[in-house]
Number of protein chains: 2
Amino acid sequence: MATIRDVARHAGVSISTVSLALNGTGPVSDETRARIDAAVAAVRYTPNLMAQNLKRGQSKLIGMVLGDAANPFFGRLFGTIDKHISGHEHMLIVANLASDPDRELRTLTLLKRHRVAGIIMTPLRNDPEFAAHLNELDVPVVLVDQDVDGTALDFVTSDHRRGAEMLTAYLARLGHRRIAYIGGQRNMWAAERRLEGFRSAMAEAGLEVDPELEIVADYSADLAYDNVMRLMSSPARPTAILAANNYMAVGALQAVTDLGFRCPDDVSIAGIDVVAWNSIVMPRITTVEQPIDELARVASLWMMEHVRGEVARIAERRCHVAEPRLVIGHSCAPPPK
Amino acid sequence: MATIRDVARHAGVSISTVSLALNGTGPVSDETRARIDAAVAAVRYTPNLMAQNLKRGQSKLIGMVLGDAANPFFGRLFGTIDKHISGHEHMLIVANLASDPDRELRTLTLLKRHRVAGIIMTPLRNDPEFAAHLNELDVPVVLVDQDVDGTALDFVTSDHRRGAEMLTAYLARLGHRRIAYIGGQRNMWAAERRLEGFRSAMAEAGLEVDPELEIVADYSADLAYDNVMRLMSSPARPTAILAANNYMAVGALQAVTDLGFRCPDDVSIAGIDVVAWNSIVMPRITTVEQPIDELARVASLWMMEHVRGEVARIAERRCHVAEPRLVIGHSCAPPPK
DNA sequence: CGATCCTATCGAAACGGTTCGATATCAATG
DNA sequence: CATTGATATCGAACCGTTTCGATAGGATCG
């Protein structure tokens, strides 16, 4: 592969002159510039970014760590962030955790070895050991969707608590009293916020939470299916089910359908963050949507500010909390008499 | 950030010894090794991959170019490829074309500047100019899903033609004679194969294709919606609709539903590659599924063979054609009397 | 006309590693 | 005891750039 030396030789100038000409730094006569351009084309020169970055001390690479690439939420998040980032001749190194928290530390280390200019991530873990690693990483990080307690990193999220509140309050207004909640892992930040929102809205509506109806299903459709099967087979079954993410809403609807119940006639179902294909799900599920584009825009913007050194590393952490949007579908109705 | 020099100074040895010890190349006494390990921990040394790669002449980065990150097909493809690749301490630089063919060349150039060890891509363009660029790129490339005529690059795909044939034949067996086909862009490789499959299966069944019922909707849900609205409003409306991808199947079902028709009673709908949420779409759409995991596995395997130099650049191109799977749902029935 | 200042170009030193060819030490060999 | 061969370590060159300081020629100035 052609190097800058080949260009210099071909154009009959020194390599420093080639560098000056190509980067537009330093004065170069028009005639020399023309000869260099011709040489570049002749030897098919493509600057070696690894060498440039090594010399400049910073790479034009930004790490992105996704919780689960198969989930459309992350696909849209990545796509939109890529749109913003790639305009600045940067590129994204993307790693997929596949919902496995054990891969998280190893992934961060690998990204650091690549000397990425920054990392945008949706963390899975939220514990002191992980927070310590994050703090010692010495690379700008913007967290998206999930916070990590004990760090002072920029954080962009939608208001998970408020989203759960909106849906719960909506179900309560319809007259439901026995509302089941299918939640995510207990130690994950967003899951905790959603659970808080559910509980607070229940209390606000003067309703009691039956511990039997508060399920932890780890964001998995299968676990949600099994649990809803069990719940709905009990005589004290709920009249409404609130699922904390899109997968679990799918699992819940499937279980309800398989048991021969009709939704929303026999039981109402609402879900958080049911994206994309929701438009053709019958019945269309009532949901709160996360404003993914807004999250991506702010995260990219802040990351580029870090990369350009426009924000001091020690500066106070920034938080952006986006408002979720309640989308009424046809999966909720007043409870059966 | 600590360099190998810091480690050497701290351990009281030369930098070459540190390198030999850390890479396990060359003999190092146990005592020295221990001192070096201690020094690494003390100065918090992380090897600079940019420097290593520069010296070694090859990066541990593999480029991945996605047609449209928001489409779950690409999310799952990326996730599975990442699983295979990252086991070999490689990482993926991912770029999203967002269905815009104009970004394709620029993206490839940028990846080449990063000196990626190889590129896995789902191309959008299929024209001689693009093929020429690909041939001159001088980087191992594995194409997935879409071929580019005029190149001899490794190619992994599912049998698009056969998938369309299976669905068409299925509809014909149910008794449909007026079958509409909603296709993708005419110049895209996979779209052409699917169209071929539709036509061949129609001929095979002794059915005539009404040119009015062969629609090009560019893989867009909105265009499919508009076109199906028009088709179904005509007196000579079809009794079955075959959509060439998941988005268009959704658009078609939506249009049919909005017009007050019932599926499958009034009109049957089948789609290619309706993934993920299909399990709760009511009615569940009959579809052929692409074996994404198989595509990802073979593509990763071939790429790693290229990276390790196990396959000559001039070798004959390899093609892997995976068999799609017909998944019968509830969206198809015999035509109304 | 000598001093001063651009302008255009160049040589050489980095950047942070790897690796090849010394060198030094020491036990085994004939 | 001189030779040989491991074993452990080191110095220096190199990967492909950027960039700083130096140089040389020509125009401008007092």
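A residue is near a molecule or strand if one of its heavy atoms lies within 4 Å of it. In this predicted model, local features need pLDDT of at least 70 and side-chain atom pairs count only at pLDDT 80 or more, while totals for chains, interfaces and linings use all residues. Residues are numbered from 1 along each chain as its sequence is written, chains are lettered from A and ligands numbered from 1 in the order in which they are written, and side-chain values use heavy atoms, with hydrogens and water left out.

DNA strand C is surrounded by 25 residues, the closest being A:Thr17, A:Thr32, A:Lys55, B:Ile4 and B:Ser19.

| Residue | Protein atom | Distance to a phosphate oxygen of DNA strand C |
|---|---|---|
| A:Thr17 | side-chain N or O | 2.6 Å |
| B:Ile4 | polar backbone atom | 2.6 Å |
| B:Asn48 | backbone N or O | 3.4 Å |

Two or more residues of this surface come from each of α2 (15–23) and α4 (49–56) of chain A, and α1 (4–11), α2 (15–23) and α4 (49–56) of chain B; helices are DSSP runs of H or I with at least four residues, and strands are runs of E with at least two, numbered from the N terminus.

Elsewhere in chain B, B:Met188 sits in the loop between β6 (179–183) and α9 (189–204). B:Met188 has a relative accessible area of 7% and is therefore buried (under 20%, with a 1.4 Å probe and protein chains only). Its C-alpha is 8.8 Å from that of B:Val148, 40 residues away in sequence.

Key. Buried means under 20% relative accessible area, exposed over 50%, partly exposed in between (1.4 Å probe, protein chains only). A polar contact is a pair of N or O atoms within 3.5 Å; within protein, one must be able to donate a hydrogen and the other to accept it, and residues adjacent in sequence count only if both atoms are side-chain atoms.
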